[in-house]
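Colleague: I would like to go through this model with you, one topic at a time. Please give the cut-offs as we go.

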Amino acid sequence: MEQLFKSSLAHMGEEGAARELLNRYWDRRLPIDPVKIATAAGISVYGRGGWGEDYPYSGYYRIFNGIQSIEYNVSEAPVRQRFTVAHELGHFALGHEDAPRDVGNFQSSRDFRELQANKFAAELLMPASLVREHYLNGKAGSVEALANIFGVSKDAMGYRLINLRLI
């Protein structure tokens, strides 16, 4: 059953797959916790790069011996860690195999799979309907306030508002 669910996610597109995981696993609290969602979906999540461990990636989605896992770099800012976990969860939902995320800028990648995972992560952490509601109803008066509500960086929220054509 779960394998069928996973294969159906990939056919929904980035935003549809993110909304489906939110519908299935999100507790309706902000900020959205991508680790809880990944764990509920049966994916192991590990922080890497702590005390003396040189971890060269921001994150990594992999399947090893049939076990799906997401790794993220604990030495990065918490907002980046959250986006990375959501991004790697996107690789899972979109049917990508072994997908390391380098330490480069989230917007600079030309790899189609990376762009898809970024789009997925944006919808997972900053659902369009909620961002519109908070922005248009005046629940948050600035990009910084919205970023704080959704637990993302000001840059990520700024891109989201632009992509949603709100600014």
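Modeller: A salt bridge here is a side-chain nitrogen of Lys or Arg within 4 Å of a carboxyl oxygen of Asp or Glu. This is a predicted model, in which local features need pLDDT of at least 70 and side-chain atom pairs count only at pLDDT 80 or more, while totals for chains, interfaces and linings use all residues. Residues are numbered from 1 along each chain as its sequence is written, and side-chain values use heavy atoms, with hydrogens and water left out.

Colleague: With which residue does Glu133 form a salt bridge?

Modeller: Glu133 is partly exposed at a relative accessible area of 31%, where buried means under 20%, exposed over 50% and partly exposed in between (1.4 Å probe, protein chains only). The closest N and O atoms of the pair are 2.3 Å apart, and the partner of Glu133 is Lys139.

Colleague: How many salt bridges does the rule give?

Modeller: Side chains of opposite charge can pair when their charged atoms come close. Among the pairs are Arg62 and Glu71, at 3.3 Å from N to O; Arg62 is partly exposed at 26% and Glu71 is buried at 8%. Arg62 and Glu71 also belong to a network of salt bridges with Arg48 and Glu53. The count comes to nine.

Colleague: How many residues apart in sequence are the parts that Arg19 and Glu123 tie together?

Modeller: Arg19 and Glu123 form a salt bridge, with 3.7 Å between the closest N and O atoms. Arg19 is partly exposed at 41%, whereas Glu123 is buried at 3%. Helices (H or I, at least four residues) and strands (E, at least two) are DSSP runs, numbered from the N terminus. Arg19 lies in helix H2 and Glu123 in helix H5, so the parts tied together are apart in sequence by 104 residues.

Colleague: What distance does H2 reach from its first C-alpha to its last?

Modeller: The expected span of a helix is 1.5 Å times one less than its number of residues. H2 has 13 residues, for which 18 Å is expected. Its buried residues include Glu14, Leu21 and Tyr25. From first C-alpha to last, H2 reaches 18 Å.

Colleague: Which Arg is in contact with Met126, leaving aside neighbours within four places in sequence?

Modeller: Contact means heavy atoms within 4.5 Å. With those neighbours left aside, the contacts of Met126 include Phe83, Phe150 and Met157.

Colleague: Is His134 buried or exposed?

Modeller: His134 has its place in helix H6. Beyond its neighbours within four places in sequence, its contacts include Leu30, Lys139 and Phe150. With a relative accessible area of 10%, His134 is buried.

Colleague: What is the distance in space between Pro78 and Ser153, C-alpha to C-alpha?

Modeller: Pro78 is in helix H4 and is exposed, with a relative accessible area of 59%. In sequence, Pro78 and Ser153 are 75 residues apart. In space, C-alpha to C-alpha, the distance is 9.2 Å.
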